[in-house]
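Colleague: I am new to reading structures. Could you take me through some features, step by step?

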Amino acid sequence: GDGIIVGLLSMRGGVGVTTLTLILAHQAATHGDKPVIVIDLAFPIGSVGLWSGITGPRNTVELLSRQPPEITMSLIENFSVQNVHGFYIVPGPATITDMGRIRLESVERMLHVLQQEGYFVIVDLGRATLPLLWQVPARCDWITVITSAEATSRMLANIAVQTLPKFGIDQQSILLVFNDATGRKPTDITLGLPRSPDIFIPYTRNFQ
């Protein structure tokens, strides 16, 4: 398959990971030629489902609790919801859930199946704590580290960019995204960061 897997993460909450996940999915569905699916792994409670008003029993924890051989494209479709922009979402749980049931092999299997089927897969990794332990970022073609102007956010982005290669992530596949979430123009967007951001997203009130 020729699917692509992109993971978005930030070690700091509130910098817009979910917003950017949904904007990227919308763009990919509008302009790309692959079917697009968003997988919410931002535990314990993912924002993708909450934002999209999806709160059913079908969520990533339930899906990934299944045995690896059960994880087929039709099962994934069964757990996914199509939204108005034409992309699919497998939401995270809407309540705090025991994630101990998730099987590592099933996470691998899900990503493998979607890649084989030619999907553009966008994974909201949130703060990435568990997905890092599950090696999800190492399975991604691109890992997007999101930071904002705030000092702590920059420091944590720095740590993420330095540390990800230790988890088997190729430095070339790490994108550093500066999301100007506040609208206060930062004096120097490279301040405290390991390098110039690859992408600068200007502040906008409008979701699109």
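Modeller: Start with handedness. Point the two strands away from you and follow the path from the first strand over the helix to the second; if that path runs clockwise, the crossover is right-handed. Keep in mind that this is a predicted model.

Colleague: Which elements make a right-handed β-α-β unit here?

Modeller: The unit is made of strand E6, helix H8 (residues 151–163) and strand E7. The two strands of that unit are also joined directly: E6 and E7 (residues 174–179) run parallel, with five bridges between them. Look for threonine 144, which stands opposite leucine 175 in E7.

Colleague: How many bridges pair E1 with E6, and in which sense?

Modeller: Four bridges, in the parallel sense.

Colleague: Why is E6 described as largely enclosed?

Modeller: Because five of its six residues are buried; the strand covers residues 142–147. Here is a general idea to carry along: side chains in a regular strand alternate between the two faces of the sheet.

Colleague: Now a single residue. Is threonine 21 buried or exposed?

Modeller: Threonine 21 counts as buried, because its relative accessibility is 0%. This residue sits in helix H1. A polar atom of its side chain lies 2.8 Å from the backbone oxygen of valine 17.

Colleague: What is threonine 21 in contact with, beyond its neighbours within four places in sequence?

Modeller: Leu8, Val38, Ile122 and Asp124.

Colleague: Next, charges. How many salt bridges does a search of the whole structure find?

Modeller: Six. The idea is simple: a side-chain nitrogen of Lys or Arg must come within 4 Å of a carboxyl oxygen of Asp or Glu. Take lysine 34 and aspartate 2, whose closest N and O atoms are 3.6 Å apart, so the pair passes that cut-off. These two residues are 32 apart in the chain. Lysine 34 is in the loop between helix H1 (17–31) and strand E2 (36–40), while aspartate 2 belongs to the segment before strand E1 (4–9).

Colleague: How open are those two residues, lysine 34 and aspartate 2?

Modeller: Lysine 34 is partly exposed, at 23% relative accessible area. Aspartate 2 is exposed, at 52%.

Colleague: Which residue meets glutamate 62 in a salt bridge?

Modeller: Arginine 101, with 3.0 Å from N to O. This pair links distant parts of the chain, 39 residues apart. Glutamate 62 lies in helix H3 (residues 60–64), and arginine 101 in the loop between strand E4 (88–90) and helix H5 (104–116). Both are partly exposed: glutamate 62 at 29%, arginine 101 at 35%.

Colleague: What about arginine 139 and glutamate 108?

Modeller: Their side chains also meet in a salt bridge, at 3.2 Å from N to O. Arginine 139 is in helix H7 (residues 136–139) and glutamate 108 in helix H5, so the pair ties together parts 31 residues apart in sequence.

Colleague: How do I read the phi angle?

Modeller: Most residues other than glycine have a negative phi. Alanine 128 is not a glycine, yet its phi is positive, about 70°. Alanine 128 lies in the loop between strand E5 (120–124) and helix H6 (129–133), and is buried at 2%. Glutamine 135 also has a positive phi, about 65°. Glutamine 135 is in the loop between H6 and H7, and is partly exposed at 32%.

Colleague: Last, aromatic rings. How many pairs does the structure hold?

Modeller: Two. An aromatic pair is described by the distance of the ring centres and the angle of the planes. Phenylalanine 43 and tryptophan 134 are edge-to-face, with 6.0 Å between centres and 65° between planes. Phenylalanine 43 is buried at 17%, and tryptophan 134 is buried at 12%.

Colleague: Why does the pair of phenylalanine 178 and phenylalanine 200 count as stacked?

Modeller: Because their planes are at 25°, with ring centres 5.6 Å apart. Phenylalanine 178 lies in strand E7 and phenylalanine 200 in strand E8 (residues 199–201). Phenylalanine 178 is buried at 0%, whereas phenylalanine 200 is partly exposed at 33%.

Terms used:
Residues numbered from 1 in each chain as written. Predicted model: local features only at pLDDT ≥ 70, side-chain atom pairs only at ≥ 80, totals over all residues. Heavy atoms only, no water. Buried < 20%, exposed > 50% of the residue type's maximum accessible area, 1.4 Å probe, protein only. Polar contact = N/O pair within 3.5 Å; in protein donor to acceptor, adjacent residues only side chain to side chain. Contact = heavy atoms within 4.5 Å. Pairing = 2+ DSSP bridges. Phe/Tyr/Trp six-rings, centres within 6.5 Å; stacked < 30°, edge-to-face > 60°.
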